[in-house]
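Here is a structure to look through together. Have a look first, then we'll talk.

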Amino acid sequence: MAERCAVIGIGQTKHASARTDVSIAGLVREAALRALDDAGLDWADIDAVVIGKAPDMFEGVMMPELYLAPALGAVGKPMMRVHTAGSVGGSTVLVAAHLVTSGIHERVLTVAFEKQSDSDAMWALSVPQPFSPPLLAGAGGYFAPIIRAYIRRSGAPDHIGIAVAVKDRLHGSRNPYAHLHMPDITFESVRDSVMLWDPLRYLETCPSSDGAAAMVLASEQAAASSPAPAWVHGMAMRSEPTMFAGRDQVNPRAGRDCVADVYAQAGITEPRREIDVAEVYVPFSWYEPMWLENLGFAAEGEGWKLTDSGATSMDGGDIPWNCSGGVLCTNPIGASGMLRFAEAALQVRGLAGEHQVDGVRRALGHAYGGGSQFFAMWVLGSEKP
Amino acid sequence: MSSMGRAGVAPAWRRPVAVVSFAQYPTCRREEHRNEVEVLMPVVAEALDAVGLTKDDMGFVCSGSSDYLVGAPFSFVMALDAVGAWPPLRESHVEMDGAFALYEAWVMLQSEDIDTALVYSFGRSSSGNIRRALGLQLDPYTMAPLWPDSVSLAALQARVLVDRGIASEDDFAEVASRCLRNATSNPNAQVSGTASAGDLMRDAYVVEPLRRHACPPVGDGAAAVVLAAGERASELVERPAWITGMDHRVETHALGARDLADSPSTRLAAQAAGLVGGVASKIDLAELHAPFAHQELILARALGLADGVALNPSGGALVANPLMVAGLARIGEAARRVMDGSAHTALAHATSGPCLQQNLVCLLSDQPGPAVLGGARTAGTAGTGGTAGTAGTAGTGGTAGTAGTAGTAGTGGAPGEES
Amino acid sequence: MADTEVLSSPHILEYPYSRSVGPVIGSFLAGLRDGKVLGVRCGSGAGERVVVPPTEYDPLTGEDSGEMVEVGPGGVVTSWAWESEPLQGAPLDKPFAWALVRLDGATTAMLHVVDAGSAGAMATGMRVLPRLVEPSARVGSILDLACFVPEGSDSPVRAQPAEPGNPAQPDDPAQPDDPAQPDDPAQPDDPAQPDDPVTTLSTPIRLDYRFSAGISQSRFLRGLVEGVFIGQRCPRCAKVYVPPRGSCPTDGVPTTEDVELSDTGTVTTFCVVNVPFQGQAIELPYVCAQVLLDGANISFMHLIQGIPADEVRMGLRVRAVWKPPAERGPSLESVLCFEPTGEPDAPYESYEEYL
């Protein structure tokens, strides 16, 4: 990185299965105006806007940055639209951050959204195409076999996924913006929920949400007056092909390479000790132990033990994961990655409210997408790098 | 437009970056035989081979495309197979024209400890009814339900020029005639010809006041560009096409709130890219992404280009308009002419959205030029980690791969086939 | 390779989008339903404007917009374009003008159409009046405004509105599903009362495409008709891909050597499906597995049958069950399923790297 970059404003919508009270523009403005307000800025203070979302078919609007430009105060400014599948919320932040670290802009507004209730998530994610193999298993059918492979490799017991589902929902019940609020969830209620794609139960999967997230990223100079900036200590993205011979989909190399790059930039050698809190893209419960290994918090095959020990719980764990409730509580696909990045920033700034962890100095934000092939991550710190 | 933001100031960019290679798939009416990957592979290989690099040398890869061209979500995902993203690459994608992917790569080269980037885009405009599909770019509540199509919207814009006496239908035909004639020496053009403006005026209207020649052909294509920074660019080619400035701006979406006869966002982007003072007079040629003939006139006026500037020597988007590619191809075509010595300074432009809603301007030169302006900011914190990644293995490329890029030029299609 | 005819097929992208519209657009749409056009105030002082159609924000600055005001009904054409051959979905099914119309009292022009009969009847600066569809047919949509007509014209009121958004062609065999939701407050069979808010807008979208399979995939698909799996080998890494896509995803080079593969293979991993979803016609529960064909270096997903779901395991040896030749087509559906061969399970190490 060349110039320093900090998060000085954060906003998100109340997430819900259907935000029937707003238009698409209304949804993104709800998040963007909160981010501006948090930063103490107005539309006119913003130099450029970077927006991200997953496929346009969700809302049936082609390249919606064109329609949304005036709604986001972008008239007369540079505006970009990023799309990197499920990782897009994270990639969008990184594109915006590079506009600052390159020295080109001082204050960049970045926004991500999905209004999935305009159509149907299952349909929009897998529009049937000629000559393509028939859809045999639905959405979770893609990931369940990978989870089975992880269980086979690691010897993890069946209850690990259940434990993650319970933990993230309990975390999410403290987040007023979360879509699902399930303070009464129990091990038994998850265990007894329908087994959709064995080994994946209904309550171990993420919801489909409407929602948006926004952040204001600033240069060192522009962040000088911010009471609590979260500084970028490292950021990276990596991609690998969807399928290739010998591909490790359980522990993808793109994820390992990406986090290694971020840790090197941030000077982190022992992530479990040096990172205080992590917001990691876990759409299905079992992805917590898998990503614990992929991100270097546990040795290969050992991630489930960390989950099992309670280490990732904010109630006594030493490395709380997804205090916001994560993707298991809130999943507007295009925004889900940005929510991870933004929640990491909230923790560093000490502004996460009920789900704040005490004394956070460094936090990891993580997003992935496609067939576990696109990765975007950053590490934020309360001190200037 | 008073609200067009703060006046452009040349961005404080840090080090010179250049286009060092450009390749494109000859645009054709419909590429029936090859899927997106099969179309892209030879183009990417050709761009890399030309400078003796492989994908493993690329510090960053960025692409541009739109799912609505083929009606399939995530259409960019498989396209990555054309590069061979293994070991994993630093890679990103914009749901925009490839010119904006090039902008993202240029930003990355300013910011990260990398020296090279690959940019590509692909567009199968032939798969569906692109005129209708582009109507989905409009406000989904009060405009898209009317199903306005791209030609009709452009025709509303053209009418404003005619009504105000800024240009006539004869002027549109003059633009088309020149572009078609220029295309006769462009093997990648989809259409070309030597018809005079008078001949073209016998064309029927597609949507009055736009006749067939004033509208772009529908076609499939792909393009790839290699960028390199600083000394690396000079090592790779004798005459890098240095990007001396680049910027883009968007206008409001409401057509009725815009002055359709002008392009204030183009003017603002050009100023921010450094087209200030006497720079405009030094431009030798301009590749303007004007899918419709009248839009070239609007852009040339907004940019204040001198009479002697060669406009769209490639023929421009009126002779080959694969969506999501045509903007990147403008940068490539302009850069090619700087690299081959036929121009010292060139301007490339790309657009997005109905009636030139969003515009990008890229200035290219055979001199690194005002790169030193950014020098004060280069001190920074270089070396704060990050994998270098560009350990060069020049010359290890050599994939043949270019088979199939020849021979399909000029097949089928005719101007105005968007009708 | 030129001997392989490339397969192509129609592809229909279609969904009956149902959009929540928010308060400002909702008021505008309710106004149309109730026979009036509303704009919204933006800016202040000398910069005050009335924007039509209204948005929640000032279209120039992004600031919140202000109060709603009625505009029109008449207005002025600020630009127009003559559509002599209306496309599918156009508001009128006869030649008409697309137009930007600035309604009286508005600062900005709105996009709509003018039914003027001929291009000769159109002129920039001409006065026009709105024509709404019959009150009983209004649903709270921009299409409640059927068109504008020249002031003083005696054009009849349209009797019936177009199918909202997207009328299919008369000869079109595939009609969109009825987008109406039972609880949708703005449907014609539930006439709204004046001042009822409009909260939801149905905008069915249908686009027709022609999808081309490409050379390599076509060869694979034609092989399925013949009852064989045809993969391709990468000239660089020698891995065999099935289905082939014409390239090696790790080397980025064309794969040109065809490899005919066995129709036996190994289950690498799987899931048991217990959830019904759209288009599914198999009795629950059933097993979807990644099948690694013998001789291939990549697995693909297919059904496992001929064995109880709870007995399927990683390493299970399976063979393709083909449809009868007459029923096969260029699709993986030519393979009904895979079923056990009865061989001993493959050792974990033999497929571990394909997980």
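What follows is a short chat about two of its contact surfaces.

Reader: What should I know about the model and its numbering before we start?
Author: It's a predicted model, where local features need pLDDT of at least 70 and side-chain atom pairs count only at pLDDT 80 or more, while totals for chains, interfaces and linings use all residues. Side-chain values use heavy atoms, with hydrogens and water left out, chains are lettered from A and ligands numbered from 1 in the order in which they are written, and residues are numbered from 1 along each chain as its sequence is written.

Reader: How much area is buried between chain A and chain C?
Author: Contact here means heavy atoms within 4.5 Å, and 59 residues of chain A touch 59 residues of chain C. Buried area is the accessible area (1.4 Å probe) that two parts lose on being put together, summed over both. Carbon and sulfur atoms give 63% of it, and the total is about 4600 Å².

Reader: Which residue of chain A forms a salt bridge with Arg19(C)?
Author: A salt bridge is a side-chain nitrogen of Lys or Arg within 4 Å of a carboxyl oxygen of Asp or Glu. The rule finds 2 of them across the interface of chain A and chain C. In the one with Arg19(C), the closest N and O atoms are 3.2 Å apart, and the partner is Asp118(A).

Reader: Which element gives the largest share of the side of chain A that touches chain C?
Author: Helices (H or I, at least four residues) and strands (E, at least two) are DSSP runs, numbered from the N terminus. Those giving two or more residues to this side include helix H1 (24-39) and strand E5 (195-198) of chain A. The largest share, 7 residues, comes from H5(A).

Reader: Now for chain B: how much area is buried between domain 2 and domain 3?
Author: By an automatic or database domain assignment, domain 2 of chain B is 139-214 and domain 3 is 243-370. Their centres, taken over C-alpha atoms, are 18 Å apart, and the contact takes 30 residues from domain 2 and 26 residues from domain 3. Carbon and sulfur atoms give 65% of the buried area, which is about 2200 Å².

Reader: Which residue forms a salt bridge with Arg178(B)?
Author: The count between domain 2 and domain 3 of chain B is 2 salt bridges. In the one with Arg178(B), the closest N and O atoms are 2.4 Å apart, and the partner is Glu296(B).
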